[in-house]
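Dear colleague,

Here is the structure I promised to pass on, with its sequence. Please open it alongside this message, and I will go through what turned up in it.

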Amino acid sequence: MTVWMLVLFTVVGNPAGLWGQMKAKAAMDRNQPLQVDSDRLDAYNAKRMVVFTGNVIAVQGARTIRADRLTIYYKEDSKKKTAGSAVSETDSGNIEKIEAKGNVSVIEGERIATGDDALFEQVAQKITLTGNVVLKEGENVIRGNKATVFLEEDRGVVEGGENKRVRATIFPSEKKQ
C-alpha cells in the first residue's frame, strides 16, 4: 500500500470497495533503478550525498517524486562513487535516505501526496511528509501538518499543527453488484 492508502486505511478502517483490491508493497523498491532529472546536480563524494536542484523529477518504478530540491544520502560503501555513477541501477539499493524540499509531490497512479518537505528513510521503511500535507485518492482527501507512514508496520499517522487540525473527507465507495 502506498502512503496515502495506509493513512486512509488507518483513519477509516477498511471500506471494502476502496481497499479490497489494494495489495501491499514496499515504499521504495530497492531493486528498481532511480532516475532523476533536474536543472543541476552537485555530488559530494566524501559526504556520500548527491543534491539535485531545480525542477527535480525522480522516478523509481511506478512512483514519481517532484520537488524543488532532492538530496540523496548513500550508505557507506567500500567503492568510491563519482558524480556520473552516483545514481545508477546498482546504487539504488545503497540509498540510506532521500530528502525532498519545496513543493513536494509524490505521485503513484491516481494517488497524490503533497507537502512542503518529505523524508524517505530506506532502512526504517518510513516516509514523513511535513508542512501543508494533502493526501488524495480520487475524491478522498486528508489534510494535516505532518503525515508519517511506517511501511513495515502497515500503519500511518496524520497530525495537525498549531491551530490546525487534521481534516479527512472520505466518500463511500459504490458496492459492486
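What follows goes from the overall fold to the paired strands and then to the charged side chains.

Please keep in mind from the start that this is a predicted model. The protein contains two helices and ten strands, and, read from the N terminus, the order of its elements is α-α-β-β-β-β-β-β-β-β-β-β. Of the 177 residues in the protein, 38% are buried.

The part I would look at next is the run of strands 5, 6 and 7. Strand 5, which covers residues 95-108, pairs with strand 6, which covers residues 111-121, in the antiparallel sense, and ten bridges join them. These two strands form a hairpin with two residues between them, where Gly109 takes a positive phi near 65°. Strand 6 also pairs in the antiparallel sense with strand 7 (residues 126-137), in this case over nine bridges.

Is Ile127, another residue of interest here, buried or exposed? Ile127 lies in strand 7, and its relative accessible area is 4%, so it counts as buried, the cut-off being under 20%. Ile127 and Gly156 are 29 residues apart in sequence, while their C-alpha atoms are 9.3 Å apart in space.

Turning to the charged side chains, how many salt bridges does the structure hold? There are five salt bridges, and I describe some of them here. In one, the side chains of Asp42 and Arg40 meet with an N to O distance of 2.8 Å. Asp42 has a relative accessible area of 19%, which means that it is classed as buried, because the limit for that class is under 20%.

Another salt bridge joins Lys126 and Glu121, whose closest N and O atoms are 3.7 Å apart. Both positions belong to strands already described, as Glu121 falls within the residues 111-121 of strand 6 and Lys126 within the residues 126-137 of strand 7. Lys126 is partly exposed at 24% relative accessibility, and Glu121 is likewise partly exposed, with a relative accessible area of 22%.

A further salt bridge links Arg155 with Glu153, and here the closest N and O atoms are 2.6 Å apart. Arg155 counts as partly exposed at 34% relative accessibility, and Glu153 also counts as partly exposed, at 49%.

Which residues form the positive surface patch? The patch is made up of Lys136, Arg143, Lys164 and Arg167. Arg143 is found in strand 8, which spans residues 140-150, and with 41% relative accessibility Arg143 counts as partly exposed.

Key: Residues are numbered from 1 along each chain as its sequence is written. This is a predicted model: local features need pLDDT of at least 70, side-chain atom pairs count only at pLDDT 80 or more; totals for chains, interfaces and linings use all residues. Side-chain values use heavy atoms; hydrogens and water are left out. A salt bridge is a side-chain nitrogen of Lys or Arg within 4 Å of a carboxyl oxygen of Asp or Glu. Buried means under 20% relative accessible area, exposed over 50%, partly exposed in between (1.4 Å probe, protein chains only). Patches are made of residues with over 30% relative accessible area and no salt bridge: like charges are joined within 9 Å, nonpolar side chains (Val, Leu, Ile, Met, Phe, Trp, Tyr) within 5 Å. Accessible areas come from the Shrake-Rupley method with a 1.4 Å probe; for residues, only the protein chains shown count as cover. Lys and Arg count as positive and Asp and Glu as negative; His and the chain ends are not counted. The place of a charge is taken as NZ of Lys, CZ of Arg, CG of Asp or CD of Glu. Helices (H or I, at least four residues) and strands (E, at least two) are DSSP runs, numbered from the N terminus. Two strands pair if DSSP finds at least two bridges between them.
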